[in-house]
Amino acid sequence: MSNRLLKLVVLFTGSALACPLLRAQDAGAGLLKQGDKIPGAFQTLSVTLPPTTLKPIPQSGRYHCPVCEFGLNPGVLVFAKQPDSPEDAAKTASLTGLLKKLDAVLGKHPDALAGASAIFGDGGYLKQLLAELDDATGVSVPVKDVDFTKAIEFKEKAETRLKELAKAAEFKHIGLSLGLPESYPIPANNDVRILFYYKHEVIFDEAFARDKLTDPAVDKIVKTIDDKLAEVEKEYQEKRQ
């Protein structure tokens, strides 16, 4: 099997069963409003998976679809250009602080069956890989070897960084991935986008510059998720009675 064909197999392994009814939409310029439907499915490279990942359990190191895995259950998608620096990660008013509090809230409501994924930029790795694969079929212009090598190096460093983050934070309910989807863009002049939805319907969709992720902003986001998961958990429990 050729190297390029092998990449293609690895890239799309496990995606055949992913969300047949969902289709990723073109990238929008702004955030979604409450009540909007989410754009749909996307593939991102799984780096770490929490022990409580909903089944069927994807494998780390493979491309997967968080939206498909969460199904109609509540889902939290956190898109970020890059992880916090070690100094910022120690603060409560940070992306890492938000993820830690979110992880705790998800643990409070196991019957809500909520899923959460934090997705970070991959340095252009996926775009370069797809370009090379397209070139194998004669569809795309060949990528420069130097660009692809840089993307690979960035990806490997980013994977290590995310694994260290997950280990230090001891995430039990949040998976970390690489590869920001074009259908869920981070608005200009922002670094982080947080999308919370239920039954594929938006509850809130907000974006922040890193210095705007203050303690009050983080607490407001977490409280909204906490309150909604309590409602969903009660709804699910009543259906089982």
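A polar contact is a pair of N or O atoms within 3.5 Å; within protein, one must be able to donate a hydrogen and the other to accept it, and residues adjacent in sequence count only if both atoms are side-chain atoms. The model is predicted, so that local features need pLDDT of at least 70 and side-chain atom pairs count only at pLDDT 80 or more, while totals for chains, interfaces and linings use all residues. Residues are numbered from 1 along each chain as its sequence is written, and side-chain values use heavy atoms, with hydrogens and water left out.

The side chain of Asn73 makes a polar contact of 2.9 Å with that of Tyr236. Asn73 is buried, at 17% relative accessibility; buried denotes under 20% relative accessible area, exposed over 50%, and partly exposed in between (1.4 Å probe, protein chains only). Although 125 residues separate Asn73 from Tyr198 in sequence, their C-alpha atoms are 5.9 Å apart.

Eleven salt bridges were found in the whole structure, each being a side-chain nitrogen of Lys or Arg within 4 Å of a carboxyl oxygen of Asp or Glu. In one of them, Lys155 pairs with Glu159 at 3.1 Å between the closest N and O atoms. Both residues are buried, Lys155 with a relative accessible area of 13% and Glu159 at 14%.

Glu235 forms a salt bridge with Lys199 (3.7 Å, N to O) and another with Lys239 (3.3 Å, N to O). Within it, Glu235 is partly exposed at 24%, Lys199 is partly exposed at 38%, and Lys239 is exposed at 59%.
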